[in-house]
Amino acid sequence: MESLTDPSPALREPAERVSPRARSMWRLGAALEGAFVVGVAVVTAVVGWTPWWLAVIVGVLVVAWAAVVPQWRYLVHRWEVTETAVYTQTGWWARERRIAPMSRIQTVDLSESAVSRLFRLATVTVTTASAAGALSIAGLDATRARELVAELTTRADAVDGDAT
Amino acid sequence: MLLVHPVREVLRFLPVLIGVFVAGRSTGGGLWQVTAVVVPVGLGLLRYLTTTFRIHAGRVELRRGLVNRHVLSTPVERVRTVDLTSSLIHRVLGLTTVRIGTGTASSGGDDQLDLDGLPTARAQALRAELLRIAPTGEATGVEHPAAPLAPVDGPPIVSFDLGWLRFAPFTSGGLVIAGAVLGVLTQVGDDLGLFRRLDPESLVRGDRGPTVALIVATVIVVLALISLFAVLGYLVTNWGFALTRPAGGGGAAWQVRRGLLTTRETTLDVDRVAGVVVGEQAGLRLARGRRLAATVTGLDSSQQTSSSLTPPAPTAVVLGAAAQVLGTAAPVRGPLTPHGPAAVRRRWTRALVPAVVLAGGAVVAVVLGAPVWVLAGLAALPAAVLLAVDRCRSLGHALVGGCVVARSGSLTRKRAVLGVDHVIGWNLRATWFQRRVGLTTLVATTAGGSQSVTLLDLPQARAVELAGRAIPELVDQFLVRD
């Protein structure tokens with residue numbers, strides 16, 4: 001491209017994947033949302049506000065969505081914790097990589113929604129003092145998530161200061 | 001311990017009291033109306049009589065309430081800013097309100113550390129005490145000597161000049177006032193039935209009747225009114241503006257004083273100033289002006305008024321002040337690296353696509369029989385071109401003087417400068433479109449101001465390189481090993 005990019009350093013992907021069961025969880029979520037959308041499309045078609053072909057198109061799109069997006073999301077979602085930093089990669093269409101130093105971690109949250117408990121999964125969220133800086137790892141195995149929280153808490157505690 | 005002064009409350013209610021007495025006399029039902037005023041005044045007095053504060057064991061404590069006791073307590077070291085505000089009534093009585101900014105996320109009125117109605121001298125002493133006790137240099141672990149902060153200021157770095165009033169009509173404040181004035185005028189015009197005589201198609205037909213004259217006259221009057229209100233607003237807010245660095249302790253704080261009627265003095269802890277934002281809105285740039293705000297750790301952008309460092313003022317003055325605050329001029333005056341051809345192309349597509357859709361829609365509508373004036377939608381095209389050109393020119397970044405610098409935008413262009421020490425994380429975000437052309441948006445997160453500085457559409461490798469150069473020990477471990 002140009003001189004800016006000559007010594008092209010690149011970030012590698014974070015080392016660890018989330019649990020494969022996360023795919024099923026995201027598929028279920030997509031299926032539930034999709035079922036609602038298809039339901040609305042079918043009802044309006046039955047009432048006669050919209051033509052039937054529209055409901056068919058919506059149905060095809062929803063199936064494609066539920067088939068593609070969770071898999072794509074699973075391929076993107078990765079995380080890594082080192083001695084000094086937390087590194088995550090999330091998203092699918094828009095991919096976001098976040099790096100936060102261990103010394104700036106303020107809180108470590110573990111959350112398990114009803115759906116994620118069904119799949120024995122949990123979400124770990126690491127917040128810093130910036131509202132723009134929270135790192136969230138969704139779809140972790142629940143046991144692994146608990147270990148991770150304990151590990152992060154110990155490491156973050158070891159650093160002095162108020163992390164701003 | 002100090003009793004917070006209750007006189008202000010009585011004075012505030014005095015006009016109402018007199019009004020009620022007069023009204024009561026004339027209508028005869030006096031007693032109820034008097035009760036309706038006496039009760040709130042009494043409650044107010046009670047509140048003030050039962051409000052006390054103290055600084056004890058490194059904490060500021062505020063107690064209030066007689067029945068429902070409410071104790072608010074915060075460590076002195078968490079004090080980021082101290083605000084002294086005096087309304088006209090306060091000033092007549094020699095009082096002031098102290099607001100202690102601790103960077104709390106809660107915005108509930110009860111959780112604000114506000115000490116209303118302190119004698120001014122006592123308030124200044126309190127401010128000095130709060131900022132002296134606060135251990136500074138916490139992030140680096142260096143303790144500054146706790147020298148007393150004199151209530152008297154050093155020579156001002158920036159002080160008000162009447163010539164600055166010329167910037168008032170070019171500020172967004174002026175635009176807001178413009179909106180309000182236009183709204184009122186439209187309402188009045190509608191009531192007077194002006195719009196029923198206004199026929200848009202007569203313009204197109206070249207029918208130069210009273211309509212054109214009316215429009216021109218209205219525009220001139222509106223512009224004059226906008227300018228007048230903006231200048232008045234600027235004068236009231238910024239009269240007597242002064243940015244100083246009070247002597248003592250090597251200068252541990254920045255102090256901003258301003259206001260014509262209500263005066264306001266804001267003191268910012270130097271070590272909490274993470275960076276600055278130079279406001280370069282299109283209007284201000286036309287008038288060769290800029291404005292400056294500080295990014296203060298722990299204060300978010302909703303507390304913006306606490307972090308303003310200069311009002312709209314000449315560029316040289318603003319950049320000089322920024323250089324003083326940062327300790328180096330390079331981040332605000334130095335050149336910026338452009339983001340390359342892919343980012344430029346992206347500016348063009350993002351500006352042109354909506355404009356083409358709009359213009360195309362207008363043409364199609366007219367072809368399908370809409371009135372001819374709908375073709376005004378074509379004006380979106382040149383506007384989009386101007387916008388794209390300006391955005392391309394604005395886009396730039398730098399890592400200089402220990403600061404990350406990012407500039408972007410057109411109408412609301414700004415140059416954000418953030419000290420590398422205050423970067424508490426990196427976000428690299430790229431949509432599929434961005435990845436396709438090798439761009440990524442780098443965001444430096446921080447604990448103050450707008451919470452982040454965004455470097456829009458950097459070439460991927462450049463983004464990684466910049467993040468790595470800023471904080472090598474953080475980023476290097478995640479680089480691809482060759």
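Mentor: Happy to! Let's start with one pair: E96(A) has R429(B) as its bridge partner in β17(B). Please keep in mind that this is a predicted model.

Now widen the view from that pair to the strands around it. β4(A) and β17(B), which covers residues 426–430, pair in the antiparallel sense, with five bridges between them. In general, strands of a sheet pair through backbone hydrogen bonds, and they can do this in a parallel or an antiparallel way.

Across the interface of chain A and chain B, the rule finds one salt bridge.

Which elements of chain A give two or more residues to the side that touches chain B? They are β3 (85–91) and β4 (95–101) of chain A. Of the elements there, β4(A) gives the most, with seven residues. Sorted by class, that side of chain A has 17 nonpolar, eight polar and nine charged residues.

Step back once more to take in the whole contact. Chain A brings 34 residues to it and chain B brings 41. Together the chains bury about 3,300 Å² between them, and 61% of this is on carbon and sulfur atoms.

While you have chain B on the screen, have a look at a sheet within it. Six strands of chain B make an open sheet with antiparallel pairing, in the order β13-β12-β11-β16-β15-β14. β13 (308–314) and β14 (396–400) of chain B stand at the edges with a single partner strand each, so one side of each has no neighbour in the sheet. From one strand to the next, the twist averages 15°.

β15 (residues 403–408) and β16 (residues 414–419) of chain B run antiparallel and are joined by six bridges. There, V404(B) stands opposite L418(B) in β16(B). Finally, helix α15 of chain B, residues 460–470, packs on the sheet and touches β14 and β15 of chain B. The direction of α15 makes about 25° with that of β14(B).

Key: Residues are numbered from 1 along each chain as its sequence is written. Chains are lettered from A and ligands numbered from 1 in the order in which they are written. This is a predicted model: local features need pLDDT of at least 70, side-chain atom pairs count only at pLDDT 80 or more; totals for chains, interfaces and linings use all residues. Side-chain values use heavy atoms; hydrogens and water are left out. Two strands pair if DSSP finds at least two bridges between them. Helices (H or I, at least four residues) and strands (E, at least two) are DSSP runs, numbered from the N terminus. Axes are lines fitted to C-alpha atoms, for helices over the stretch in contact, and angles run from 0 to 180 degrees between N-to-C directions. Contact means heavy atoms within 4.5 Å. Buried area is the accessible area (1.4 Å probe) that two parts lose on being put together, summed over both. A salt bridge is a side-chain nitrogen of Lys or Arg within 4 Å of a carboxyl oxygen of Asp or Glu. Ala, Val, Leu, Ile, Met, Phe, Trp, Tyr, Cys and Pro count as nonpolar, Asp, Glu, Lys and Arg as charged, and the others, Gly among them, as polar.
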